[in-house]
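Let's walk through this structure together, one part at a time. Have the sequence and the 3D view ready.

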Amino acid sequence: MPAKSLEQVRNLCMRRGFVFPGSAAYGGVASFWDYGPLGVELLNNVKKAWWQDAVYARDDMDGLDAAVLMSRKVWQHSGHEATFSDPMVDCKKCRSRFRADDLVGAWVSSVRDEDMLTSETWSKHFKAHERVCQAMPEPARSQGVAVMREILAAHEAWWPLGKLFLKFDASGDESAKREMVADSDTVKANQRLKAATDAHHKFITENAVAFTAASFTACEVTCPKCGSNEFTEPRQFNLMFQSHVGPVSAAAGTDEEAAARVYLRPETAQGIFMNFAHVQRSLARKVPFGIAQIGKAFRNEITPGNFIFRTREFEQMEIEFFIKPPQFVAEGEKNDEQWHEEWVQQRYRWWLRYATPPSAGNEDMERIAARFRKRAQAADELAHYAKATTDIEYLFPGALGWGEIEGVANRTDFDLSAHSKDVPEEDLKRLKLEANKDSNEKFDYFDPDAKARYIPWVIEPSAGATRAVLTFLCEAYHEELVKEPTKQEIDQIKSDAAMIRKNAEKKIKDARKDIEAGKEPKHQPDKVEAFLNQLDDVVSRLPASLDEVLLALDHEGAQNLEPVKKFRPPTEKFIEECTRTVLRLHPALAPIKLAVFPLKKNKPEIVELAKSIKQKFQKHFRTVYDDSAGIGRLYRRQDEIGTPFCITVDFESLEDGTVTVRERDSMAQERVAIDELHDYLLPRLEL
RNA sequence: GCGGGUGUAGCUCAGUGGUAGAGCAUCACGUUGCCAACGUGAUGGUCGUGGGUUCGAGUCCCAUCACCCGCUCCA
């Protein structure tokens, strides 16, 4: 069973030294995390695997490591200073600050299905939407007005039926209600209203930005704190962290301060663009070629969260791949769209390759592949620099769901043009750029094949190293049953469950009595009932459902039930004994490649031999020695952190020079001569 | 941002105003011949933080911080 929640993965990370909360001694700082001894190995291995694939395995790629801090002009001309931001508004009355799109989103969805049955709320809400549309620019204006008028008219036509529904509901006249539902006019009215609401939803989604702005100009949004409808203009809150170069004492906003201001890079890409000409000239590269870079990036996110998925400091693995502009592409050469597609495929394959352990069978591979997908971004999602972007997404456990782990963008010649002087007028117009009067350079390239000078286009595969760590951890996490419980043990759980049911049923009765008497009940009958149903279901499927028992006991309705509290600790212990947690990491990613144990730690010859084997391998890859527990526990410990191989030295080893090699996923053991260990392990570790 | 929840030993948690606890983990000694063994002993906590009520607060009240769940949103 793979991870069911991020919580499980988070626990393991903090317990075993992958990731710790940052500045914990001072209460922590939201969204900053430190990588522990195992985390740093995993992160390094991820980066190594990426570098291997992006740089070493290709003929057309080189590496780079640019400075984190760059001239402020870089960010002005890249467009980040102006547009890399979220719209914020302040309430003029109570001075609270909100995200503009949040406020409007809440207002738009404030009408619920049941409001259909109250004519006033419905028409008031959508008349307000119509006024917002009136404030929008054409052609959205007339389109929106039509959509809003239709939803009002459709409701007007439907409303007499709504009243009848209410009447039948009140009288309990089910047969009259059924008759009415089947009536063709009713069907038509229902369909019309459904179509109108769908059209409304579609319009709002497609015109989200314009609708948000218009909502404020039309004064239709109210402050959740004080109810006022007067807000400042929506303005952009910049996501870039600021600092200063050199000692600056001037106040924020002054010329002196602005002159010394720098930003912590929000993406590593601009460092590559700055070095396009350096790399091309120094290595005499010909287009198409690419530059890869791994490095930290910083974004002052408004809502970070979900463990290390969205943090304000994170690490990127980015490629800028420079290609011919479409007009110079010769017969038989790939154009920008084909290069884009090729990179999407290559990167997708990389994700699958490292998400799949060698032990995976066909079924496992299908399951893994189903958790990765490619998704083309819609036009209104695209960043300011992109012609098209395809995201690679992973289905994270629990509430997080599908999350972006990489974006492959077609950035055209936007960035290199933005940083170039003397860009022709028509190109500036096409790219919606101002002429760059600050730059000393033109990032163009003479193409000997095309016999032309041009500014190359760019395909950008940009992956999150931090998100990759989380992705591979989630995918690798498994809890599996390794010991079949006996019938007696199962019966024990069943009888415990029966006891819980008996007690809970009494509590339900008591609670119902309390409610009737108008008193505050100690338990919520519905929730306890739901808990019992879940418990029954799980218990009836034992022993296969053993791992679900604790989950059931965590149910909301199980809270404050005495027998549950009593039952939980022994059950937890028992279940832990029957299951093992194993990280089925690809061996190339595993933080520790090999663990060596003595079968008996009070036999010096065995200990010595084990330590010497550890010493032999630690030069080649991360190897540990451990003798602090029984052999079974030592195996489990290594399983939990994904160590692919364990070696056990025993008495036989002293005589014939062989050891037991135990593989993580299958738990299979094999006898291997110490002299042959190196040749045995190396191909299996896929280093 | 809104709503709900949690915060007590390294970890998982119990503790309904009166002497801070259990299991696991860790360390020591003994035992232990391959999948979470056992015995004995020891270490470890100003109960997230700051205020308040009280003779007395882990427990009640207020504030604050962090995290989790849901909604919203987002490379």
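## Ground rules

Two strands pair if DSSP finds at least two bridges between them. Helices (H or I, at least four residues) and strands (E, at least two) are DSSP runs, numbered from the N terminus.

This is a predicted model, in which local features need pLDDT of at least 70 and side-chain atom pairs count only at pLDDT 80 or more, while totals for chains, interfaces and linings use all residues. Residues are numbered from 1 along each chain as its sequence is written, chains are lettered from A and ligands numbered from 1 in the order in which they are written, and side-chain values use heavy atoms, with hydrogens and water left out.

## The open sheet

Look for 7 strands that form an open sheet with mixed pairing, in the order β3-β10-β11-β17-β14-β13-β12. β3 (61–64) and β12 (372–376) each have a single partner strand, so they stand at the edges with one side left without a neighbour in the sheet. On average, neighbouring strands here are turned by 25 degrees against each other, direction ignored; the axes behind this angle are lines fitted to C-alpha atoms (for helices over the stretch in contact), and angles run from 0 to 180 degrees between N-to-C directions.

β3 pairs with β10 (residues 289–298) in the parallel sense, over 4 bridges.

## Around the RNA

Now for some polar contacts, meaning pairs of N or O atoms within 3.5 Å. A polar side-chain atom of Arg662 lies 3.0 Å from a base nitrogen of RNA strand B, and one of Arg636 lies 3.2 Å from a sugar or linking oxygen.

## Helix α24

α24 gives the most to the surface near RNA strand B, with 6 residues. In this helix (residues 631–640), Leu634, Tyr635, Gln638, Asp639 and Glu640 are buried, where buried means under 20% relative accessible area, exposed over 50% and partly exposed in between (1.4 Å probe, protein chains only). Gly642, which follows α24, has a positive phi, near 85 degrees.

Methods. Polar contact = N/O pair within 3.5 Å; in protein donor to acceptor, adjacent residues only side chain to side chain.
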